[in-house]
Amino acid sequence: MDNSLFDNLNQSQKDAVLCTEGPLIIFAGAGTGKTRVITHRIAHLLSKGVKPWQILAVTFTNKAAGEMKKRVNDLAPGAGANVSVSTFHSFCAYFLRVEASKINLNPDFLIYDFADQKNVVKDCLKELNIDEKKYKPSTVVDRISRAKDDLKFPSDMAADAQANGDFFGTTIAKAYALYQKKLELASALDFGDLIMRVVVALRQYPALLEHYQQKYKYILVDEYQDTNHAQYVLTKLLAQKHQNICVVGDDDQSVYSWRGADITNILDFEKDYPSAKSVKLEQNYRSTPKILETAYKVVKNNQGRIEKKLWTQNADDGGVSVVKSANENEEAARVVDLITINSQNEKYNLSDFAVFYRTNAQSRVFEDAFRRAGMSYAVIGTLRFYDRAEIKDIMAYLKLIHNPNDNVSFKRVINVPRRGIGKTSMENLEKFAGGQGLSIWQTLDRANEAGINKGAINALNAFAEFIKAFMHLKETESVKEIAQKIITHSGYLKELEDENTPESKTKIENIQELISAIEDFEQRSPDNKTLSDYLTQIALISDTDSLDDSNGKVTLMTLHLAKGLEFDNVFICGLEEGLFPIGESAFNPEELEEERRLMYVGMTRARKHLYLCWASERTVYGKTRWNMASRFITEAGFKDEFTQSPEPKPFFNRGFNRAKWNATSKTEPKYQKDDTYDYIPSDDDIIKDEPLYTPVSDNSPYKIGALVRHPVFGNGKIIEKTGAGNDVKLVVLFENGQWKKLLARVANLTLV
């Protein structure tokens, strides 16, 4: 045994490396050296005489697999290069090509990606006379993929749908059946098939199962908390004979249930393998003690977890701060200021800073702030806000209204949404316009000369009238009003709403965020807020040529993409109830626990400094609302002074989206007795021009900010009051997170 392998390992890591026989689960907390343990364990197996081809290690990304393979070869030159280290999909593709002749499969099968899958589904829907508007191809593909993750055939999906009275599911099951037939005819597999076909083959052919069980005597699975049911069954089948399976993961970092991951795989490992040993890696090499302690305070509130608490010998030279702002623009400005201050002393480069947020739409306000500050940044995993297709579409409408001779914008939106103007018609019209030395717009009244058919001419004329109407509006209405009307009157919003997919919902959120950006522009430029001014401003801020990249770039990304990364300084922004934890997750215990795990992932990315940011008021998705600080801030140990607004904000003539708050919060907010109120939670949108409240003279003892007790709901705080005398109505936010609208004279409230 090569003792030098253990020189850089702590005791827990050594225990994990030395435990080579039988089932083993390694609970590897964030920053505890998980990859080091896996690679050293493989090297140790090789040093004991295990043959390289007897070891199989699987993970989720090609990058992780490549890094793991390189480290193994560095630790065990020669033999290490022959160990099977791959992703689940790569291993299964290899298996299927090698064993194709034994399982009635064409070895030259194609692997279809998402775009290919959508095209096949479109053909299926057409053949089955299924309306694409009701059954969007992307939705159907997603449902088929989830079924395969659960190892369900079309017949299984149909049976489930019938048992549940699910007509939508029954229809998708029909499409699934035809989809599979088309894939077989094309000798094609999708990503779900790769794993499912291997599982089916191992179950159907005992000799094949025996061969691979004998071949891979040692199996290692990385990121086990992210495995779906099919991956779980695959690894269990392979490990059944020798039971030498080692899984590594962290249930506290399981954040991918929306794409099929099943946290119970890791939580129930010791039930599946009663003889299993477990090792907890709790010594963290990344973060400061303060960051780890704060993150633990949050995640320990989850019930569905294995207890573990990270610790470190790192110096406690960083900190955790709550950054409270009045609104999202101030939040972004303060983030920029903090980065500026901390990067000027040359201690940190811009690349040492990361800004995390819950939804892609939140990036816009930060992008604008970084542009104004001339600070380089990179948006990871998605396009920059103004580069997104839906934003470019609405901007093209605005540009065309401002200048109808803009051929680029004309071509972008002429058939968005679809108007029945074909590609050939547009090509003929553009060619005719070019021959006349005119813009496409200028030739619309001569479309018949371009050989355009009558149907297309009618559609072109209708489009021209639509644009002309807005050209008149730009003289009298604000840019925001024009944009809102374009979105609705063009049919653009309706088409996205009808699509009703996760992608279309994200696009709607981004469009609503564009409305927020336009409103922000109008507030910042009271004297220069015409359509021309707005388009000029956008053109200028989109030019990043002058940004200084010598100091790196600030990283902007959603929290889901942050997993596996680390930065010296991390800002987690938008920490407000309803945004993070997001939407209705507060009402679902399982979803709330996943939101909390996502928070934990974000917090444990920070090495030195962690900033928890929230805004009292936020305009997001086009709606303005007052906010309550996220429960995660309270759980992290920050209380009263951090969760109270310093001053009252009675707004008039303002439209609000009052957020619904959770009734199952495990934390108990404490209220200070004062004359202010901090947020207006309500289910209903306040109609524009409806005041939040009407100040009246009355002798009622119930004042805004007063603490009261209700015989059923307990203690609470009055946050809204209307009416007078016998008609006094109150909105009370109770300590359990519920709010109630009450008529004071019958509510039986007592002042605390």
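Which residue just after α21 takes a positive phi? Gly-491 does, with a phi of about 90°. Let's look at this spot and others in close-up.

This is a predicted model, where local features need pLDDT of at least 70, side-chain atom pairs count only at pLDDT 80 or more, and totals for chains, interfaces and linings use all residues. Residues are numbered from 1 along each chain as its sequence is written, and side-chain values use heavy atoms, with hydrogens and water left out.

**View 1. Helix α21 and its buried residues.** Helices (H or I, at least four residues) and strands (E, at least two) are DSSP runs, numbered from the N terminus. Helix α21 spans residues 479-489, and Val-479, Ile-482, Ala-483, Ile-486 and Ile-487 are buried there (under 20% relative accessible area, with a 1.4 Å probe and protein chains only). Seen down the axis of α21, these buried residues fall within an arc of 130°, so they line one face of the helix; the arc is that of the directions from the helix axis to the C-beta atoms.

**View 2. Thr-32 in its loop.** Look for Thr-32 between β1 (24-28) and α2 (34-47). Thr-32 is buried, with a relative accessible area of 1%. Its contacts (heavy atoms within 4.5 Å), not counting residues up to four places away in sequence, include Gln-13, Glu-282, Tyr-285 and Leu-310.

**View 3. Thr-35 in helix α2.** Thr-35 is also buried, and its relative accessible area is 19%. An unreviewed UniProt entry places the feature "binding site" at residues including Thr-32 and Thr-35; such annotations may be inferred rather than shown by experiment.

Key:
Buried < 20%, exposed > 50% of the residue type's maximum accessible area, 1.4 Å probe, protein only.
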